[in-house]
Every structure is written in structure tokens, then in C-alpha cells.
Amino acid sequence: MVRYILRRVVTMIPTLILISMLVFIIIELPPGDYFESYVAELQALGEQADLDEIEMLRDRYGFDQPQYVRYVRWVGGMLHGDFGYSFAYRLPVSDVVGDRLWLTFILSFVTIIFTWAVAFPIGIYSATHQYSWGDYGLTFLGLMGVAVPNFMLALIMMYFANVWFGLSIGNLMDSAYVDAPMNWDKVRSILSHIWIPVVIIGMAGTAGMVRRLRANLLDELRKPYVATARAKGLSPGRVLRKYPLRMALNFFIADIGSILPAMISGAEVTAIVLSLETTGPMLIRALQSQDMYLAGSFLMFLAVLTVLGVLVSDIALALLDPRIRLGRGTAK
Amino acid sequence: MTAPPRADGLPDPGAPLAHYVSDAPFDPNLDDAGAAAVAEASQLRLMWWQFRRHRIAVVSLVFLLLLYTSTIFVEFLAPYHQDTRHLDDIYEPPQQVHLFHEGAFVGPFVYGRHMTLDMDNLRRVYDETGSRVDRLRFFCRGDPYLFWGQIPASLHLVCPAEGGTFFALGTDRLGRDVLSRMMYGARISLTIGLLGVTMSLVLGIVIGGLAGYHGGWFDAAVQRVTEVLQSIPSIPLWMALAAIIPVTWSPLLVYVGITLILGLLDWTGLARAVRSKLLSLREEDYVLAARLMGAGTGRIIGRHMVPGFMSHLIASATLTIPGMILGETALSFLGIGLRPPITSWGTMLTEARSVNIVAIYPWLIFPVLPVILVVLAFNFLGDGLRDAADPYH
């Protein structure tokens, strides 16, 4: 088991290196750098740019150095917690970001739990009651979850929450707590706000998972051993609990790897619409103002979050399924 | 002499069993006719038979074909031009089409409207006086346009009455007809998915093909890159790349750029499918035969192996189109995808970006309906194609 985890962690390293290269290429792609456009903007306004400060920053972040040097510095900095400098905010990235990374993490985590909690019973119901009205209804709901863009879902839910309950559901906490340090009241405020984004973001992932769980379970239910168990007189519920459900459980954990990237994508867009205090709104602002170190560290964070999520799901799968940790088979 | 039938439908004990005798002459080949048709049918025909059984997929196919055909004649079908502004009809709610006026049949018409300014709420209020009946005209002269940007014309399928208006889905901030803009937007939104998927299909076949056939270091490299691209959430990556597109680019270049971005990052799933298929097909005897006869790599992949799994590939490619359409919509909605003056469903939805707008002018979110329908249709179509892809099962 330890060997499996070790191997899995080691294979993660080249992936992470490649991701960091890709992110670095992306943040280097726009022509010019932030300072050039900043100085040009100030000159257009007829103001004097503080050239000393700019020169200092340029020097510190090695803008006159070749690209690979800057890459190594960037990655090296990230390894000990220096994510670079946000030019738009005039602060180190880690100060600008604050709680946002944590909140993104918490939001994703709660969404996964929600997805599981909803998809599991619905998937089982759909598979055991195939072609019933309940199955059709749930399938239809699921399809809507896949087809409706989640930013639209967010808007529509905001609208109805406002009209029906007089609630304002934007944001992730009451405005009083935004800059406050983490304390019990803040946590409670977050908890009372978090469920709406969780439902919206979880919708698409849940729908996909129900569909695949249903198909998987149906395959399992058609196998001869189920017929044998039934023929021997086991009650349907017991048959289901004893065998097919346990097989489906494997898939259930492996599937997180495939829905996690999509879920984090959806979370970003939804967060922008609902103006949550997560990475989404700040990422898009950073991208629009070419504040590239800030954008780069967000991209990097989201990618690492995904990779780690898949890692955790792979390890959980290996714990659950001896075929994976003993053989050289990969997940799924 | 017939006894009343027993409850179980059987004759009385000892009585002969009633049975049916066909009078038709005996034809020994009759039974085989169906089987023979199946045996002789080409693979395409078999697939069609299989596909036809998936009702919703057929309906979706017809729906999508209609939609794509309609994008060719948008200028004629839309009641207005996409950029025509009606300064007197800003934020006008949808006009309902009626057939009967005061109990009498007059054909399709709308009630004329009168706009007043509500100075308390600072809103325009449109009331239907109910008296003026504006009958719609068909095959009529309306907004002039350049058909396909070339031929000047002004023929429309439906136009408002002389001096009247016809906004079936209301108007937007600049008094432009939402329905017409949705029809024009279909051109962009529908083609972007198709172009993107074509590109990722080509990339997927070439890259996956080489990786699967050659193996070795190239395969390992492709595997790594695929893994990396799949583990970065796509929307943030698209956002980052779309933000790089310079503001100075012309709308057409932006369109090409967004298509490239969508296609360039989406080939990984297809490449994986191609690779795994090739790995299994590589061991087949007919590939060995082709190689022994001296066929080159390109010919073996292109002529012998790709046709073997093309149908699977098209089915999975169909299932990736919805993601691209949703991606374009999301990017444009956030303001970093397509930009006005390009009209797509996503850029139209930008207008409905805040909840206040949705509350006051709810008809501005109508463009989300075609998005949902198209995404559903492609999903069903892909399901049907996937079932049909393997007709021998």
C-alpha cells in the first residue's frame, strides 16, 4: 500500500512540473509586461510614473533576465510560499489572496460531499426502478442540470431567492466578516451562505454522476451472480447491499477524478456571477488587467487542487480495491 | 357443440387442442429473408437501422439539421436585421402573437403599443391599447440586408405591419429585436462548436494515432501532456488564454482565436480514445498483412485502422460539442470570449448579467433557451450514435 502511494505521488511530480511550465508560458504570452502598459497609461494621463519603484520591482522579479531564469525563480518562490507580486494591488500575491484559496478549497470540498450525498441515493433509485416514472423524472432533471449553463442557474436562483424569500444570496458571507479574521461567527455566516453556490455548482456534476452510477449499477445488476443470489432466496434489498452496491462504490470514488476539473471550472464561473469571495472573481479581474503573477498563481492553485483531488481519490480507491494496489492497474 | 371456454383458456381434458393453420403456400426461403437482409446490408445501413430505434436521437438529429439549415438563411428568416435599432422601443417586453380579435379571426397579428415614460420609477411603460390590430405580413419587404454579406436584398419571411412593430421576444438595451439577434447568434454559436470539434478531431486522430502506433517516447510524452491538460480545469485555462487575445484584434480574428482555444485544449479525450483503439487494432492480422505488403505508417493508420473506429470517434466527438458551446457561452458571458459587434448567444446573455436586469427585463435571458436545447440535442444525438456505432452487437 505504501509503495502504491509512493509511486502515485512520484508520478505526480512531472505532471506538476509540466503544469507549472504551461501556466508560466500562458502568463508570459501577452506582449509586453505590466510595467510597460502601466507606464504608458500614466504618461497618457500626463502623470509622472515612479520609475524608481518600477525599476526596483523589475529588478526584483527579474524582468530583464531571460525567461528560463524567471521561470526557475517563480517556481522556486512558490515552493517556499512566495507567489510573486500583484502589480495591480501593489502587494505580494499571498497578501492579496488572503482567505480566498481556503474558501475555494472549502467550497470544492463541500460540493463534492454534496454531490456524493445526492448522487448516491438517486443513482441507486434510478437503477433499481429502471424505466419507472421516478427514473424518467430524475433523468430529466439530471439532463437539465447538464444542459443549463451554471452561471444562468446562478442568476435564476438569485432572482427567485430575491423574489420569493427576499434573500440576497450573493457573496459567501455577510459583508461585516469579509476582512475579519476567522472566528466562530464568520464560520456560521459562511455556512449559512454556502449552500446556494454548492447546489448550483454541484448540479452538473451530480447529474453526470447519477447517469454513470445508474449505468454502472445496471450492468452489475444484469450479471448472473445477482440472478443466482435472487434464486437462492435473498431479498432484493439484501442482494443489492451485499454485492452490486459494493462494486458500484469503487466507481463512485474513481469518478471524482473525472468530475473534479469540470466542477472547479463551474465553481469559477458561478463564483464570478454570485461574486463569492473565492478565486473566481479575482482571477478574471487579474486576467483582464494582465496582472499575470496573480492570475498565474490562481491557475496553479486550481490545477494543484485538481491533481491533489485525483490523487486522494486514487488512494482511496486503492484502499478499497485490492486489485488496484496489488496489480499494476491504473485507476478506472 | 362448443363448450363455454374454461377460465385457463385450455380445452376440456381429452378434447383436441385448437390450433391455427395458415393457408398461405409454403415458402422455404421466407424465414431467411430478414436474416439475409441483415447479412447483406452494408455497415452504414446497419448503423442506420440501429440508430433509427433511438427515437429521441432521431428527433434531435432532425432538430439540429433544421437549426443548422436555418443558419444559412438567417437574413431571410429573421424579422429584423441584428443591428437595427428601434429608438422608440427600448427594453420593450415581448409582443404576443394573437389570432382572434374580439372573437373574429383576423390571422396572426400583434396589438400596437404605446410607450409612456414612468418618471417615478424611471422606466418605459408599454401598454397595449388593444384597439390597433397590426397584422403580420409574410414574404414581405423589410430591413434591407446583404445576403451572406454579398447580395443586397430586403425580403423577409415575416415582417411587422406598416408602421407597427413585431418583437416576439422583446428588445434589448439598444432597442434591437431579441428574436432576430438570437437567429443571427445561432450562426456563431453553432459553428464555433462544430469548427472546434473538427479541429480537436483532426488533432486527436493525428496525435493519438502517432502515439498509439509508434509507442515509445512519443507515446509517453503524449500521455503526459494529455494528463496535464486534463487535470487543469478547462474554464480557467480557457479564460486565461482568451484574456491573452489582444483587444485590437478584429471580431473575425477573435472568433478564430476562440475557436482555436476551444479546439486546441479539447483533443485530449479523443486522442486517448484513438490511442487505446489503435493499440488493440495494431495486433490484428489485417494490419500485419498490410505491413507485410509494404504499406507505410500513414497508409496503415489512415486506410486500414481509422475506418475501423471512425464511428466510435464521431460519436464521442458529438458528445464533446455541448461542452464547447457551453464554454463559448460562458466565456462570452464573462466578457472575455467573443465581443460585440459579434452576436452570439453568449454575448447576448452578457446583457442579462446582473440580477436586477433579470428581474426587470426577464426576456433578456431568452438566448439561454437555444443553448439548453442544442446542448440536450447533441447529448441525445451522441448517445444514439454511440449505440449505433457498433451495429454488430
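Visitor: What is the area buried between domain 1 of chain A and domain 2 of chain A, and how much of it do carbon and sulfur atoms give?

Guide: About 2200 Å², with 74% from carbon and sulfur atoms. Buried area is the accessible area (1.4 Å probe) that two parts lose on being put together, summed over both. This is a predicted model: local features need pLDDT of at least 70, side-chain atom pairs count only at pLDDT 80 or more, and totals for chains, interfaces and linings use all residues. Residues are numbered from 1 along each chain as written, chains are lettered from A and ligands numbered from 1 in written order, and side-chain values use heavy atoms, leaving out hydrogens and water.

Visitor: Where do the two domains of chain A lie?

Guide: Domain 1 spans 2–92 and domain 2 spans 98–331. The bounds come from an automatic or database domain assignment.

Visitor: How many residues of the two domains are in contact?

Guide: 25 residues of domain 1 of chain A touch 24 of domain 2 of chain A. Contact means heavy atoms within 4.5 Å.

Visitor: Why is the pair A:Asp314 and A:Arg8 called a salt bridge?

Guide: The term asks for a side-chain nitrogen of Lys or Arg within 4 Å of a carboxyl oxygen of Asp or Glu. A:Asp314 and A:Arg8 meet at 2.7 Å, N to O, so the pair qualifies.

Visitor: Which element gives the most to the domain 1 side?

Guide: α1(A), with 11 residues. Helices (H or I, at least four residues) and strands (E, at least two) are DSSP runs, numbered from the N terminus. That side divides into 20 nonpolar, 3 polar and 2 charged residues. Ala, Val, Leu, Ile, Met, Phe, Trp, Tyr, Cys and Pro count as nonpolar, Asp, Glu, Lys and Arg as charged, and the others, Gly among them, as polar.

Visitor: Now the chains. What makes B:Asp383 and A:Arg211 a salt bridge?

Guide: Their closest N and O atoms are 3.3 Å apart. That passes the cut-off, so the name applies. Between chain A and chain B the count is 1 salt bridge.

Visitor: Which elements give two or more residues to the side of chain A that touches chain B?

Guide: Among them are α1 (2–28), α13 (256–274) and α15 (292–320) of chain A. The side divides into 31 nonpolar, 5 polar and 2 charged residues.

Visitor: How much area do chain A and chain B bury between them?

Guide: About 3400 Å², 83% of it on carbon and sulfur atoms. Here 38 residues of chain A are in contact with 40 of chain B.
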